[in-house]
Amino acid sequence: TATGNQRPGYCNVGNCTRFWDWNQSGNLKGRLKLQLTFLPLSAGRTKTLLEQAEAETHSTNLFSQENFGTMPEMPEDMEQEEVNVPSRRVLITGATGLLGRAVYKEFQQNNWHAVGCGFRRARPKFEQVNLLDSAAVHHIIHDFQPHVVVHCAAERRPDVVENQPDAASQLNVDASGNLAKEAAAIGAFLIYISSDYVFDGTNPPYREEDIPCPLNLYGKTKLEGEKAVLQNNLGAAVLRIPILYGEVEKLEESAVTVMFDKVQFSNKSANMDHWQQRFPTHVKDVATVCRQLAEKRMLDPSIKGTFHWSGNEQMTKYEMACAIADAFNLPSSHLRPITDSPVLGAQRPRNAQLDCSKLETLGIGQRTPFRIGIKESLWPFLIDKRWRQ
């Protein structure tokens with residue numbers, strides 16, 4: 001439902017992705033019941049977006065007779081319905097990823113006007129922004145004017161970072177510093193998502209003030225990203241988190257859920273790491289922490305600096321796999337624990353447990369028990385659903 005005084009929005013009629021500015025309609029009276037998804041934008045961006053949409057899509061009049069037939073005149077006194085757009089604005093980078101989707105959903109469901117941006121998988125739900133393009137980043141920040149930016153986008157796969165160091169550094173370090181600078185220019189609170197891999201894992205648990213010592217290039221790029229963010233935005237926050245899982249679109253999206261196929265195919269033995277100590281953390285919990293941190297910052301400007309959040313169940317990948325099997329009443333005898341330190345790929349910390357007492361003292365935090373979280377995350381991928389309730 002829309003009225004004649006709405007800000008610009010996306011059109012979802014058919015496959016149309018053009019923008020329509022309700023202020024320019026002029027002759028719209030009363031109500032039009034159309035399935036439209038609104039994304040309010042700043043006035044400065046309206047003309048540009050309309051011109052872009054006109055060039056990229058079709059020139060057919062959205063309200064032509066061809067699309068809707070003859071529209072009867074609405075009574076002048078018909079009640080107008082407003083679309084309620086929350087006043088608090090948040091921009092989420094990496095919104096197409098596992099964590100980004102959860103962060104977007106958490107803010108959106110808690111009275112925030114959330115806009116997500118991505119790159120390859122962005123359209124139609126999110127804005128397509130190349131974070132390596134400083135002009136594009138400048139435009140989205142200055143046009144949307146977010147109060148909060150949650151920077152989830154990163155190259156998070158340690159082995160990929162080792163093989164593509166320059167590209168990883170551009171995204172994890174350079175783009176993060178630039179985003180922090182642009183956020184600072186409009187007074188936005190930036191939350192930079194970092195990693196427990198900034199520590200070497202020899203002396204856990206780690207507090208925020210402990211000196212980082214990353215073992216692999218991924219950890220080094222995340223640490224350099226932290227420094228770039230805090231140098232360019234003194235009021236920013238760094239949130240270090242461990243291994244994540246949640247409602248994946250495909251099993252490979254998480255280092256936890258990717259084990260499910262090995263668990264399910266019990267006719268073939270599978271080696272599972274039983275050396276590295278991990279703390280699997282649900283993305284919904286991290287998303288809640290981001291929102292709580294943002295809302296507390298709105299009331300207290302002293303909320304800034306480095307923070308840790310993590311699940312509190314210590315497990316190796318072998319133990320996670322056994323827990324997954326148990327959650328679905330599947331056998332686990334084919335899973336073989338490997339207690340030797342891994343020799344292939346990027347070096348990993350043995351135990352980079354994060355001390356989360358700083359956030360807990362602020363009353364921030366939420367933890368989903370692993371057995372509950374993993375079951376709801378993996379249920380869609382269960383091959384035999386008939387009796388494994």
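Is Asp355 buried or exposed? I looked this up before anything else. Asp355 counts as buried, because its relative accessibility is 17%. The cut-offs I used: buried is under 20% relative accessible area, exposed is over 50%, and partly exposed is in between, with a 1.4 Å probe and protein chains only.

**Ground rules.** I am working on a predicted model, where local features need pLDDT of at least 70, side-chain atom pairs count only at pLDDT 80 or more, and totals for chains, interfaces and linings use all residues. Residues are numbered from 1 along each chain as its sequence is written, and side-chain values use heavy atoms, with hydrogens and water left out.

**Entry: Asp355.** I placed Asp355 in the loop between β14 (335-338) and α11 (357-361). Helices (H or I, at least four residues) and strands (E, at least two) are DSSP runs, numbered from the N terminus. The Asp355 side chain makes a polar contact with the side chain of Ser357, at 2.6 Å. A polar contact is a pair of N or O atoms within 3.5 Å; within protein, one must be able to donate a hydrogen and the other to accept it, and residues adjacent in sequence count only if both atoms are side-chain atoms. I then listed contacts (heavy atoms within 4.5 Å). Setting aside neighbours within four places in sequence, Asp355 touches Pro205, Tyr206, Arg207, Glu208 and His308.

**Entry: aromatic pairs.** I searched the whole structure and got seven aromatic pairs. Rings of Phe, Tyr and Trp (its six-membered ring) pair if their centres lie within 6.5 Å; planes under 30 degrees apart count as stacked, over 60 as edge-to-face and the rest as tilted. Phe199 and Tyr206 are stacked, because their ring centres are 4.3 Å apart and their planes are at 10°. Both Phe199 and Tyr206 are buried. Phe260 and Phe328 are tilted, because their planes are at 40°, with ring centres 5.2 Å apart. Phe260 lies in helix α8 and Phe328 in the loop between α10 and β14, so this pair ties together parts 68 residues apart in sequence. Phe260 and Phe328 are both buried. Ring pairs also bring in Trp379, giving a cluster of Phe260, Phe328 and Trp379.

**Entry: helix α12.** In α12 (residues 370-378) I found Phe370, Gly373, Ile374, Ser377 and Leu378 buried. Seen down the helix axis, these buried residues fall within an arc of 115°, so they line one face of α12. The arc is taken from the directions from the helix axis to the C-beta atoms. The buried residues of α12 pack against β10 (244-245), α8 (260-264), β12 (281-282) and α10 (317-327).

**Entry: salt bridges.** My rule was a side-chain nitrogen of Lys or Arg within 4 Å of a carboxyl oxygen of Asp or Glu. The count came to 15 salt bridges. Glu249 and Arg121 form one, at 3.5 Å from N to O. Glu249 lies in the loop between β10 and α8 and Arg121 in the loop between β5 (113-118) and β6 (127-128), so the pair ties together parts 128 residues apart in sequence. Glu249 is exposed at 52% relative accessibility; Arg121 is partly exposed at 45%.

Glu209 bridges to Arg207, with the closest N and O atoms 2.9 Å apart. Which residues make up a salt-bridge network? I noted Arg88, Glu106, Arg291 and Glu295.
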